[in-house]
Amino acid sequence: MDTAEVVIIGGGVIGASVAWRLAQLGCTDVVLLERDVSLSAGSTGRSVGGIRHGFSTAANVQLSLASSAHFRRFSDETGEPAHFVWNGYLFLLDNADDLRVFEREVAMQQSLGVQGVRLLTPADIKALVPQINVDDLVGGTICASDGVGDPYSVCQGYAAAARRLGVRVRTGVAVTGIRVEGGRVAAVYTPEGPIAC
């Protein structure tokens with residue numbers, strides 16, 4: 001019977017990043033299982049990869065600050081490319097009520113340390129993107145520290161870094177059951193047989 005201290009079910013960006021982080025912390029008896037033939041086959045591979053700070057709650061802004069700081073160090077920490085492009089996010093507003101909401105949100109984002117976020121007038125927007133018709137706009141916002149990444153590359157990067165630290169990554173392996181004994185997972189079942197935990 002196969003054994004592992006930790007079994008992670010799901011080979012998307014979350015599963016791969018958890019496997020890498022555990023291995024970094026010294027827990028290398030880890031198996032990452034993905035039912036598809038490749039990692040990133042589910043929601044990770046379908047994501048547009050947007051990384052932004054323009055949220056309406058402080059908690060989400062703070063999470064974005066922490067994650068974007070990590071993504072900026074991604075290649076240095078994992079040794080893998082991720083193809084990030086930090087070209088900003090532009091929001092366009094066509095009514096005064098939304099503009100008032102975004103004014104409050106930009107002030108909150110700036111107070112939390114978001115770099116490059118600011119309000120825009122229609123003239124500012126036209127100067128940034130001349131192709132936009134601003135006749136019906138009342139304003140907008142831009143955050144220059146926003147960008148996009150390649151979710152597939154991020155997931156593959158985490159998995160490659162985790163493998164180098166000893167994590168076993170198995171694709172094409174569906175989980176068919178979980179046995180719990182004494183309040184903890186005792187085994188994870190796959191068509192290849194159980195993995196004792």
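Student: Which residues gather in a patch of negative charge on the surface?
Tutor: This is a predicted model, where local features need pLDDT of at least 70, side-chain atom pairs need 80 or more, and totals for chains, interfaces and linings use all residues. Numbering runs from 1 along each chain as its sequence is written, and side-chain values use heavy atoms, without hydrogens or water. Patch residues have over 30% relative accessible area (Shrake-Rupley, 1.4 Å probe) and no salt bridge, with like charges joined within 9 Å. Asp and Glu count as negative, and the patch holds Asp94, Asp98, Asp135 and Asp136.

Student: Where does Asp94 lie?
Tutor: Elements are DSSP runs (helices H or I, at least four residues; strands E, at least two). Asp94 sits in the loop between strand E5 (89-93) and helix H4 (96-111).

Student: Which residue meets Asp29 in a salt bridge?
Tutor: A salt bridge puts a Lys or Arg side-chain nitrogen within 4 Å of an Asp or Glu carboxyl oxygen. At 3.0 Å, N to O, the partner of Asp29 is Arg168.

Key: Patch = residues over 30% accessible without salt bridge, like charges linked within 9 Å, V, L, I, M, F, W, Y side chains within 5 Å. Charge placed at Lys NZ, Arg CZ, Asp CG, Glu CD.
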